[in-house]
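Subject: Structure handover

Hello,

Please find the structure below, with notes on what came out of the analysis after it.

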Amino acid sequence: MSRRIDVLTDVSRGVRTAEYRLDATSGIRLAGSDAWSVSANTLRGGLSEGVDVVRIDNGRLAVDVLPTRGMGLWKAACDGIDLGWKSPVALPVNPAFVNLGDRGGLGFLSGFNEFLCRCGLDSNGPPGVDVITNNLGHRVEAPLTLHGKIANIPAHAVSVEIDPAGAGTLSITGVVDEAMLFGPNLRLRSTLSTEAGSNRLAIVDEVANRGGNPAELQLLYHWNFGPPLLGEGARFVAPLRRVIPRDPRAAEAGERWNEYTAPTAGATEQVYFLEPLADADGWSSAMLVDPAGTRGASLRFRIDELPHLTLWVNGQAEADGYVTAIEPGTNYPNSKGFERVQGRVVVLAPGEVRRFETELTIHATDDEVRTTLEAIATLAAGHLPPKISPPLIEG
Amino acid sequence: MSRRIDVLTDVSRGVRTAEYRLDATSGIRLAGSDAWSVSANTLRGGLSEGVDVVRIDNGRLAVDVLPTRGMGLWKAACDGIDLGWKSPVALPVNPAFVNLGDRGGLGFLSGFNEFLCRCGLDSNGPPGVDVITNNLGHRVEAPLTLHGKIANIPAHAVSVEIDPAGAGTLSITGVVDEAMLFGPNLRLRSTLSTEAGSNRLAIVDEVANRGGNPAELQLLYHWNFGPPLLGEGARFVAPLRRVIPRDPRAAEAGERWNEYTAPTAGATEQVYFLEPLADADGWSSAMLVDPAGTRGASLRFRIDELPHLTLWVNGQAEADGYVTAIEPGTNYPNSKGFERVQGRVVVLAPGEVRRFETELTIHATDDEVRTTLEAIATLAAGHLPPKISPPLIEG
Amino acid sequence: MSRRIDVLTDVSRGVRTAEYRLDATSGIRLAGSDAWSVSANTLRGGLSEGVDVVRIDNGRLAVDVLPTRGMGLWKAACDGIDLGWKSPVALPVNPAFVNLGDRGGLGFLSGFNEFLCRCGLDSNGPPGVDVITNNLGHRVEAPLTLHGKIANIPAHAVSVEIDPAGAGTLSITGVVDEAMLFGPNLRLRSTLSTEAGSNRLAIVDEVANRGGNPAELQLLYHWNFGPPLLGEGARFVAPLRRVIPRDPRAAEAGERWNEYTAPTAGATEQVYFLEPLADADGWSSAMLVDPAGTRGASLRFRIDELPHLTLWVNGQAEADGYVTAIEPGTNYPNSKGFERVQGRVVVLAPGEVRRFETELTIHATDDEVRTTLEAIATLAAGHLPPKISPPLIEG
């Protein structure tokens, strides 16, 4: 049987599918599962008006993709484990309602509630004034907003592919342009794929500089985990050379920086900048293990693509968004100017395309958790426990 | 006969009704009137694209509710009297087209044309920089925009209820969230109801702090009246302890502060901060009486909920929005920082819900006007005329 | 046969036509061509979601009008010549996604890709802080964004007219309001018309001050030309009294200021402020001639309406938006404050309507090009070559 490709959205060709469903009743048989489906609908009402949601369900793992929000992932579930978190912003927000400049460049936070939210492409990190060379060759101030724009730009092309080869693979590809005259002209082409019946998904992103001049790129994958994986006694585990607490508040935790406490009203966030170790093929990994130690979620990423890893611990009350984020990135989420000086801002040549690959696996048994822990320990050999540096910021 | 509830919008459940009509042909009989109806449609085109309008018509009083604009009231009419005003902004504006930060935080004015517009929830008053404690515990600047956000947030849940008990009651309930991570997490649940055949409507709003920390709340009801009730010789009447002109310009009117002049091109606005008196049950009231003294509209509100009353007189040319506003609020519409120092910013505990009740009555006969004037005079007994203080601002 | 008028959009009357087509199969016969048509559709997906496109095709010249973007022209084509340019922003952008305040007031550039884009109405020119008198009579700062708002406001009324008289005329009229309380209250009523079978279109715009006070107006027509008319060796020709390079960079070209070079990555823009000469009836003209000298496009405009002409040369790589713009305007696109001091800001009395008329002709043969060049040379007699002044800005 051959591949099937369905175009859901293509602005140039006038295609936009409001309602869509494809499953085994179509006659397509996938060896990995009969219970697979791909479905799409558009949210209506409130701040969600017009937000497209595409659900990729491989029969075991289901994930909701948001083309309208830069191909972010809204939620996922696998083996009875819900992935994502409960942001104070309850539902997906159409970028048309998001003013990124709001509250001094923090408007991003009025739409931030995804399981996976990309931060970039021209910049990520806190709001602030960058200094750039403009089209007249002058050095000018360019105000940047929190975590950039890409999560608030709708994909203009979205397609779904079913490939029956092997276990059978379901994938979705979206194309998102972050472009303006005299500014960045970057294109994200993102493909999420998952094998039928598996507990794993893969994301392959390609970012192209479509402009005629070199262009800066910052890209960070903000993978956000709330309960049930997060909770008092949950742990973050990764093979690390070094841990750099962002500030004295983060440093307070000492060697227990990677253990989570119960949600606490008014708790201030902690951020750790991490130096990941990789295997001989260049792959590193990181895992969140639940309080019982029997379930978890792990990410694999390549340190030649995403060399910097950040851990965000937001230990606030559940009502305020109790969440932790594992953030592989091209940089740490400091101000762009700071990261540029540190040599952590990618520069793409005209026409250059950079690839970023990440895998997410959900572990529903203590066996799987143990195996992954062992693999991480092997990677970390000689670096256990990782060195903890003084905080980056004196506070 | 039992109540009938129709859900018009519920994002979570995928409900959004584009066109809706319910009236006596449904078989529901209301004792107060046979001519009642509830209808809904969505405006299409221009800046109004996607704005839902729900008309509640009790057979005598009809009001257009705007779920897309935070459950504001677009217009109303009763006994041949049109309520509302002619803003330079002619039609309802979808918040997607409103940039609140525009022109130094005055973007609100590019969508402001409602009969009733709520100002809040985290803040109201003029644009300016507030100083708050952020999620890192730092004191930081937070730019606020004119009159806050709630009027530019669409309701994510809207339902209509018909209760045949008594005269029969028509109501609409909408839920609007003003929320962001590390920011306010406030929910407005607003119910507007009116009895079949009556000249009255009631609004019951509940505002909940859904966050895990105490949250500030500012809420002001901006009831806007243009012609025919407003005009040269019209009067504002209310039981007051004190009148505080905002500035020397407002103070110029002296004891005739509550009498309206004809629209005048270039006239600057006047604002009066008022201290309302209430009856033994806590209810105060305020009325606008038309130039002939034979028609009017009055508001009733509770001073334990809305202790501060503001009168706005915008005596400009009709083309520029000749209008007066009666504004019961939790505070006066000064800068939030100023109001905070005066103790006029509400603080809600985590989970706390605060209730706000307001009634509007349209008076189409001089009898009704006289009766209301007498009731107000009774309330004001011992305070007539109210003391006029020096202007708040020296100018 | 009588005129046919079809209303495509009228918010007040609840009219919005999603799909529309009218052509000779309707029975309407136009002497100039049988191949004429008018069609409308709405783009779906990405940043183009909800953008209406109306195509007016006279059988020879076709133009795509964007009511959603202030009646701008997306693209045109005539006699096999494509008009418009390739902006880094590939597709028409719904203003709901444009934050004009972004990047220090440059957000306009994230939606800028039209063949014709109007800049105005309250202001055009670079972002910056203007000082105005507000509704309280105070002198306050008003931040202005690049090229104003009108290109990012959807028309609330759009209609199409077919007039069989003569060769037959196709036209579209749109009404766009740029209005806010205490701010500008300007209405653009724009009609584009073209005769069946012709190589010409005409735009007649009327701008009304709907407010009760005098109102400022700035209007500039940003006609943008990329390849094939633009290219190395292409020339700009116009009857001019004087040429004022904006800055030393622009002055570098000397007497060859009007000759185009090949696209060059990193080239900085050049801007020339021009003083156009007119014929006895008040009409001036300007032409872009292609590299071969055999094809071109010319504009005619009235110097009593649009006395100032600007030439923008953006010689960047094609990927970065290689383009030149011919910009007849009420002013030069400097800061509004500067233009005001120079007496180049129009002031409209209350109720005043100002008319602006422009004609575009496409020249597909060297004969036509030659004839137009001769007409321009006649107009320029006694001023050839035009005086080149020192640059306006010392740099």
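In this predicted model, the side chain of Thr268(B) makes a polar contact with the side chain of Arg249(B), at 2.6 Å. Thr268(B) lies in the loop that runs between helix H2 (248-251) and strand S19 (270-276) of chain B. Is Thr268(B) buried or exposed? The relative accessible area of Thr268(B) is 19%, and the cut-off for buried is under 20%, so Thr268(B) counts as buried. Leaving aside residues up to four places away in sequence, Thr268(B) touches Arg249(B) in its own chain and Asn135(C), Leu136(C) and Gly137(C) in chain C.

The other residue I looked at is Pro127(C). Pro127(C) sits in the loop between strand S9 (116-121) and strand S10 (128-133) of chain C. Pro127(C) has a relative accessibility of 27% and therefore counts as partly exposed. With residues up to four places away in sequence left out, Pro127(C) touches Gly104(C), Gly105(C) and Leu106(C), as well as Leu144(C), Thr145(C) and Leu146(C). Between Pro127(C) and Asn314(C) there are 19 Å in space, C-alpha to C-alpha, and the two are 187 residues apart in sequence.

Next, the arrangement of the chains.

Two copies of a chain are related by a rotation about an axis and a shift along it.

Now the contact between chain A and chain C. Chain A contributes 32 residues and chain C contributes 33 residues. The size of an interface is often given as the accessible area lost when the parts come together. Chain A and chain C bury about 2,600 Å² between them, and 61% of that is on carbon and sulfur atoms. Which residues of chain A lose the most area to chain C? They are Val11(A), Met180(A) and Leu181(A), which together make up 26% of what that side buries.

In a salt bridge of 3.5 Å, N to O, the side chain of Arg103(C) meets that of Asp122(A). Eleven residue pairs are in polar contact between chain A and chain C, both residues being at pLDDT 80 or more. Strand S2 (15-16) and strand S11 (139-144) of chain A each supply at least two residues of the side that touches chain C. By class, that side of chain A has 16 nonpolar, twelve polar and four charged residues.

In it, 32 residues of chain B are in contact with 33 residues of chain A. The buried area between chain B and chain A is about 2,600 Å², with 61% on carbon and sulfur atoms. On the chain B side, Val11(B), Met180(B) and Leu181(B) lose the most area to chain A, together 26% of what that side buries.

How many salt bridges are there between chain B and chain A? The count is three. Arg103(A) and Asp122(B) meet through their side chains in a salt bridge of 3.4 Å, N to O. The residue pairs in polar contact between chain B and chain A number eleven, both at pLDDT 80 or more. Strand S2 (15-16) and strand S11 (139-144) of chain B are the elements that give two or more residues to the side touching chain A. The classes on that side of chain B are 16 nonpolar, twelve polar and four charged residues.

Regards

Terms used: Residues numbered from 1 in each chain as written. Chains lettered and ligands numbered in written order. Predicted model: local features only at pLDDT ≥ 70, side-chain atom pairs only at ≥ 80, totals over all residues. Heavy atoms only, no water. Contact = heavy atoms within 4.5 Å. Buried area = accessible area lost by both parts, 1.4 Å probe. Salt bridge = Lys/Arg side-chain N within 4 Å of Asp/Glu carboxyl O. Polar contact = N/O pair within 3.5 Å; in protein donor to acceptor, adjacent residues only side chain to side chain. Helix = DSSP H or I, 4+ residues; strand = E, 2+ residues; numbered from the N terminus. Nonpolar A, V, L, I, M, F, W, Y, C, P; charged D, E, K, R; others polar. Buried < 20%, exposed > 50% of the residue type's maximum accessible area, 1.4 Å probe, protein only.
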